[in-house]
Amino acid sequence: MTEEFDDDRLSSDLGLAQRGIALMKLEGRVFLRFDGTAEAAGLRVPYALVPAQGVLAKPSKWRKLDAEARAALVRERSTERALRELHDSVDAFVAELAGECDEFGLAPMDFLHSLADVQTSEPASVVFDRIRQRLGHAVERQREEQHAERTRQSINLAEYPASFEVARRLPRKFVALLGPTNSGKTHKAMEALAKAASGVYLAPLRLLALENYERLLEVTRHGKPLAVSLVTGEERRIAEDATHVASTVEMLDTRTPVDVAVIDEIQMLADRDRGAAWTAAVCGAPARTVYLVGAPEARRAVEALAERLECPIEVHVMKRKGPLSMEPGPVRKVKNLRPGDALIAFSRRDVLMWRDMVAEMGHSVATVYGNLSPEVRRAQAQRFRDGEADIVVGTDAIAMGLNMPIQRIVMTSTVKFNGVEEEEIPAPLARQIAGRAGRYGIHEEGLVAGYDPDSHEVMRSLLKEKPVPLNTSGFAVAPTLEHLHRIAAVTQETSLAKLLKRFIHNIDVPDGFFYPRITEDQMERAQWLDTLPLSVADKFALSLVPVSTKVLALQRAWEHWCVALSKKRITRLQPDDHQLHYMTLQEVEDTCRLYSAYAWLGYRLPEHFPDIELALELSRSASERVDAMLQDQNTSSRRRHHRRR
């Protein structure tokens, strides 16, 4: 006699089928399933479920039980009370689920039909939980769709230019001055700015803002110097009754109308991380005449923007004032370098290595790289201008914002780390670096060479490449605090990371002319900031602090500031000028950046970061220390050369 025949006879003898009970084997279990129909909330819902005590045994144990023991176990677990308790629990569950579905406008039978389709030995409570989970996911999907739709309705990027009210009301005109390095385009724009009754200069770098601030200070009108303010993220020098402002592009004041605005390096519209600042400047500069200064490949892009903004535009394409030529062959040896050369490397470590090699040949050297503060870079460049340094060794930081009397650019490499991997530098960067050679009025021509044959031939090839025009749509727009508050208002979302994701994925981008963009760094910071009890406004400000997450000391300082703000603590600086003398060059450079970042925060959250003036003073002290250390290292290398001789 088979086991199946025994179970069938057991079911028949106990009349299980007549009571809506089935004896089943599934998933390595022998169990009872109760069938019935629940009636609740106006619904009739069939079900086939396992009660709380419905699992009888594993098949191996079941086989060892005789017929009498099996029958006793089935009777014990299939009582009328068990049937009633299960039925009551199903009724209650149906009523509960129907109520929730009604609240969210969902059809309850889309979820309840599975009560009769369950093929499992799990008890009813587990099935209920699974259906609740499905309902939760459906509600979340529905809420997500609603929030996405509300976000779309709250922000339409096609209307982005209209958000700059002052610029929109002004009768604006664009003048594009486009040309290669050493074409005089910036000089022409700055002359127009200096002659204007009021104006603003917008720079890509603090260094450029500082240089042109000082340039404007030298202008006199009616026997008096211009009243000029300097406004960067980390420093403010506010002049009383200022008519002109030199500013970094992110610090543009869109509310104060002026006669002339100069937006420098306009090709930065295409920059992956910072392009949004140039989009905002073009759309929002509140000036009657806006000069767009930059590379020729930006022409189609600025023309497209002018058309979209319904502003007339004049385009002036300017030519380089002096010729730029490749040397016949590579330099090959350090001893073949000569005064007036700029040696280009692509990392701080390589710059310092080449600096030492050049100094040990007896040359005095100026050093320029990105980790240096603007003050140090300017001091080093000034030494080269004044003839105190024969040769400048630097990174591509030389390519933007430093006017030096370089006669020849020498490339030690044409490969640069892009944040992920080493890759060949793009042709626009090669042209911008090379263009620094042959300063007009000082040298008759500029020369370019590679240090080794490979670098020489790659540069020759890159300089021959035809410039690729910038795209005429897809101009980056970064989220503002107003954008995030608008999204938060319609979604009740308080997570900065989720608000940024909604800005990227859900706002309305009708024709793609303007496109939402955030940086990877900001998203990573947002996710960390969401672990702290901070307002959206505070989290947004902290996510933008200009401090490198790749430098452990700076990252820890930033985290400390964030935690302190979350606890409403005031963060004061504890200066110790003597400690600078015990630090390495790298440590002093990072200290300088830390004080600058503190000042940046102080301008935005002064009640919690009040030591702004002290931070600026300490930053200047650190910059002076860096400059002195660079000079000492340069002098030591030259001494070694003289000792060898």
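Mentor: Buried means under 20% relative accessible area, exposed means over 50%, and partly exposed lies in between, with a 1.4 Å probe and protein chains only. This is a predicted model, in which local features need pLDDT of at least 70 and side-chain atom pairs count only at pLDDT 80 or more, while totals for chains, interfaces and linings use all residues. Residues are numbered from 1 along each chain as its sequence is written, and side-chain values use heavy atoms, with hydrogens and water left out.

Trainee: Is His456 buried or exposed?

Mentor: His456 has a relative accessible area of 0%, so it counts as buried. His456 sits in helix 15 (residues 453-464), where helices (H or I, at least four residues) and strands (E, at least two) are DSSP runs numbered from the N terminus.

Trainee: Which backbone nitrogen lies 3.0 Å from a polar atom of the side chain of His456?

Mentor: That nitrogen belongs to Gly450.

Trainee: Where is Asn182 placed, and is Asn182 buried or exposed?

Mentor: Asn182 lies in the loop between strand 5 (173-178) and helix 8 (185-195), and it is buried because its relative accessible area is 9%. Although Asn182 is not a glycine, its phi is positive, at about 70°.

Trainee: What is phi of Gln492 near, and is Gln492 buried or exposed?

Mentor: Phi of Gln492 is near 60°, again a positive value in a residue other than glycine. Gln492 belongs to the loop between helix 16 (481-491) and helix 17 (496-506), and its relative accessibility of 58% is why Gln492 counts as exposed.

Key
A polar contact is a pair of N or O atoms within 3.5 Å; within protein, one must be able to donate a hydrogen and the other to accept it, and residues adjacent in sequence count only if both atoms are side-chain atoms.
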